[in-house]
Amino acid sequence: MASSHFPFLGLLLSLFLSHVIVFTYAKVYVVYMGSTDSQDPNEIVLHNHRILSSVHTGSVEEAQAAHLYSYKHGFKGFAAKLTEDQALQIAKMEGVVSVFENTKRRLHTTHSWDFIGLAEEETMEIPGFSTKNQVNVIIGFIDTGIWPESPSFSDAGMPPVPAGWKGICQSGEAFNSSNCNRKVIGARYYHSGYEAEEHNNLEKQQEDEYDDDPKKKVSYRSPRDSSGHGSHTASTAAGRYVQNMSYNGLASGGARGGAPMARIAVYKTCWDSGCYDADILAAFDDAVRDGVHIMSLSLGPDAPQGDYFSDAISIGSFHAVSRGITVVSSVGNEGTKGSATNLAPWLITVAASSTDREFTSKVLMGNGVRIKGESLSMHQMRAPARIISASIANRGYFTPYQSSYCLESSLNYTKTRGKVLLCRHTERSTGSKLAKSEVVKAAGGVGMILIDETDKDVAIPFVIPAAIVGKRMGNRILSYINSNTRNATLRIFASNAKLGAQPAPRVASFSSKGPNALTPEILKPDIAAPGLNILAAWSPAVGKMNFNVLSGTSMACPHVTGIVALIKAVHPTWSPSAIKSAIMTTATVFDKNGKPMRVDPDGRRGNAFDYGSGFIDPTTVLDPGLVYDAEPTDYKSFLCSIGYTEKMLRPITRDNSTCNDRTFSMPSSFNYPAILVPNLKSTFSVSRTLTNVKKQKQRTVYRAVVTTPHGIEVSVRPRKIAFTRYGQKVNFTVTFKVSKPSQGYVFGYLQWKHRNSRVTTPLVVRVAPSNLGATV
């Protein structure tokens, strides 16, 4: 009798295991289905559920349980938990453009505005123009949220919220509708993609966190910022004037954002570990409906970046730009050649540079030599102490090589106690420099000199007296130690802020570099802006500070966002591409001393792959004279030129676009404010169109002046172009010819000059090997 139950039990067991397998291998995928085509949002949601039901054997309950988001305003699609097989089934369905995993994106983690050249306090006026209309400009920030109580986000003296605003102030933990005001006019948060991947319920996590333990990270399930990054970027771009901003007393003075009267809308998608595609796309979708004019994203993928329409930021920004929203992004912090991300031509992609302010600690060596190192440490040594190399303080099973990097638990307390340690940092390492100071302190050390050649100019708030020096200075200190084994001493003083550092600006070593790994005919980065040691608002949930100093292309991005807001205030009808062109063609490639910009850490001469068109100049962006404009149809032609077929294009655009209608056949012919020819075999011609945006009463003539790339002959036809009215368009052609062999990329410029007006276009060329033929 009992044995008759075994087949039934076996069936139950196999069913249970099958469900376990499905659950185990289900993960979040984004299903992208192109433009909305003016469809009813409710119909889009129903259609998404039907698709999900079809891969869940018709079960509505399972489909609803798997569903995370429906994208229905700016574009169509959804995010859901799917098995690999279910994802493949959906990818083959009609109307589906792409299906990709819910990938994590990383955050690309004041006086800077004085350095750039904008006026003091809150007027931010540029001579000859009024930017008062910035009160009607709304900037959306996709980031870690906001700390609304910061004085940077005060709404004192601001007029009512613009009439066209459709956003909301979403309540949540430690955040309600009263936290929004006439400055921060909207706030939302997104966590479904994060929780699905991290298997981490934010509500449960919050129950285990205590404010009295600084090691515990608070994660507010709301738009409130628990990391500080979002508050920092928002205040850099659009913070109000704060009379006495400082970092623990350093760099004290008035500070503000680039467009201090512009409105802020917050879209919190980033949590402790990063920002997930499903949440980012949901934020883009809402922002398009809410009515933002600009979107700022100080985050991006790891290099190498994937295809444009398998990348959440590329997808979301494509549909935003198609609706007239300018999208600004950071290029990334990997620092190496070809590591640039956020590569789409419809994005403004920003590199990081220095300003002329540095945060340094004085260091006095026992032999009387005085040096300085980068630091934000407010601690100082009361007297000199013996300095040793961390390599001789190794503990237990750690080798001298390992302890030289001051790794956790690698230092012997007896050898370290009361001494200053000379530690090393691996180039391009993601390891924490701050943590090294904690390791030295825990082992009884009283100070630290950290050798870091790559990022020696990034100031760190060390927990003990400490400073960062480059390899040359580090070797000098090591020689002093070796020649005075028992008597080498050193004293480290507290950090000071100093203006006038030279040369400036310099491209930061961590700033990711071109060429564009996806489409080498499109320049990336586009522009450079301050991103090194930037002081701005912060979240007191981290370190109980109201302001903080950060470095990264994350900090450079909002500087450009602020400038975009000022352009939008003065020229509200300009397209995103016209705004980008104005920024790029008015940039400078020279430092404040009039010399070519250099690149850290080695001081080499920079080029367009380091800084794009150059360092941003807000004093000229409002009057560029001419712009390289582009319409949504031009982006469609661009997609055709890089291999997208009509079948692939139709779902993205949801119109009657065909590749037969395209205005150009090669991506180098896209009307971009830079001309790149990555495979020149003999001769090659590129056409561009300039649009006059200067209101004038008489005929204006521009003449072409070329700085030729090495080994290349460049001719421009016509050599002179004339404009008689606003909005007039004129075409010209640039022809490149190999005059002598060269290796790698070479760089030059084309300038259209009229009196004091300059419209500058980078020229970037790489000669193909001679055995590849005679023509491109």
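Visitor: Which residues of helix H8 are buried?

Guide: This is a predicted model. In H8, the buried residues are His229, Gly230, Ser231, His232, Thr233, Ala234, Ser235, Thr236, Ala237 and Ala238.

Visitor: Now strands. How do the side chains of strand E22 point?

Guide: Strand E22 covers residues 466-469. Ala466 and Ile468 point one way, Ala467 and Val469 the other way. All of these are buried.

Visitor: Is the pairing of E21 and E22 parallel or antiparallel?

Guide: The general idea comes first. Strands of a sheet pair through backbone hydrogen bonds, in either a parallel or an antiparallel sense. Here strand E21 (residues 447-451) pairs with E22 in the parallel sense, over 4 bridges. Look for Ile451, which stands opposite Val469 in E22.

Visitor: In what order do the 4 strands of the open sheet run?

Guide: The order is E11-E12-E5-E14, and the pairing is antiparallel. Strand E11 (270-271) and strand E14 (299-300) are the edge strands, each pairing on one side only.

Visitor: How many bridges join E11 to E12?

Guide: There are 2 bridges between E11 and strand E12 (residues 274-276), and the two strands run antiparallel. Trp271 has Gly274, in E12, as its bridge partner.

Visitor: On to charges. How many salt bridges does the count come to?

Guide: The rule asks for a side-chain nitrogen of Lys or Arg within 4 Å of a carboxyl oxygen of Asp or Glu. By this rule the count is 20 salt bridges. Take Arg188 and Asp286: their closest N and O atoms are 3.7 Å apart. The pair links distant parts of the chain, with Arg188 in strand E7 (residues 184-189) and Asp286 in helix H9 (residues 277-290), 98 residues apart.

Visitor: Are Arg188 and Asp286 buried or exposed?

Guide: Arg188 has a relative accessible area of 8%, so Arg188 is buried. Asp286 comes to 13%, so Asp286 is buried too.

Visitor: Which residues are linked with Arg188 in a network of salt bridges?

Guide: The network links Arg188, Asp286, Arg289 and Asp290. Within this group, the side chains of Arg289 and Asp286 meet in a salt bridge at 3.5 Å, N to O.

Visitor: Where do Arg289 and Asp286 lie?

Guide: An α-helix has 3.6 residues a turn, so residues three or four places apart point the same way. Arg289 and Asp286 both lie in helix H9, 3 residues apart, about one turn of the helix. Arg289 has 36% relative accessibility, so Arg289 counts as partly exposed.

Visitor: How far apart are the closest N and O atoms of Asp526 and Lys524?

Guide: They are 2.8 Å apart, and the two residues form a salt bridge. Asp526 is at 0% relative accessibility and counts as buried. Lys524 is buried as well, with a relative accessible area of 0%.

Visitor: Last, the surface. Which residues gather in a patch of positive charge?

Guide: The surface patch gathers Arg703, Arg717, Arg719, Lys720 and Arg758. Patch members need over 30% relative accessible area and no salt bridge. Arg758 has 34% relative accessibility, so Arg758 counts as partly exposed. Find Arg758 in strand E38 (residues 757-767).

Technical notes. Residues numbered from 1 in each chain as written. Predicted model: local features only at pLDDT ≥ 70, side-chain atom pairs only at ≥ 80, totals over all residues. Heavy atoms only, no water. Patch = residues over 30% accessible without salt bridge, like charges linked within 9 Å, V, L, I, M, F, W, Y side chains within 5 Å. Areas by Shrake-Rupley, 256 points an atom, 1.4 Å probe, with all protein chains shown as cover. Lys, Arg positive; Asp, Glu negative; His and termini not counted. Charge placed at Lys NZ, Arg CZ, Asp CG, Glu CD. Buried < 20%, exposed > 50% of the residue type's maximum accessible area, 1.4 Å probe, protein only. Pairing = 2+ DSSP bridges.
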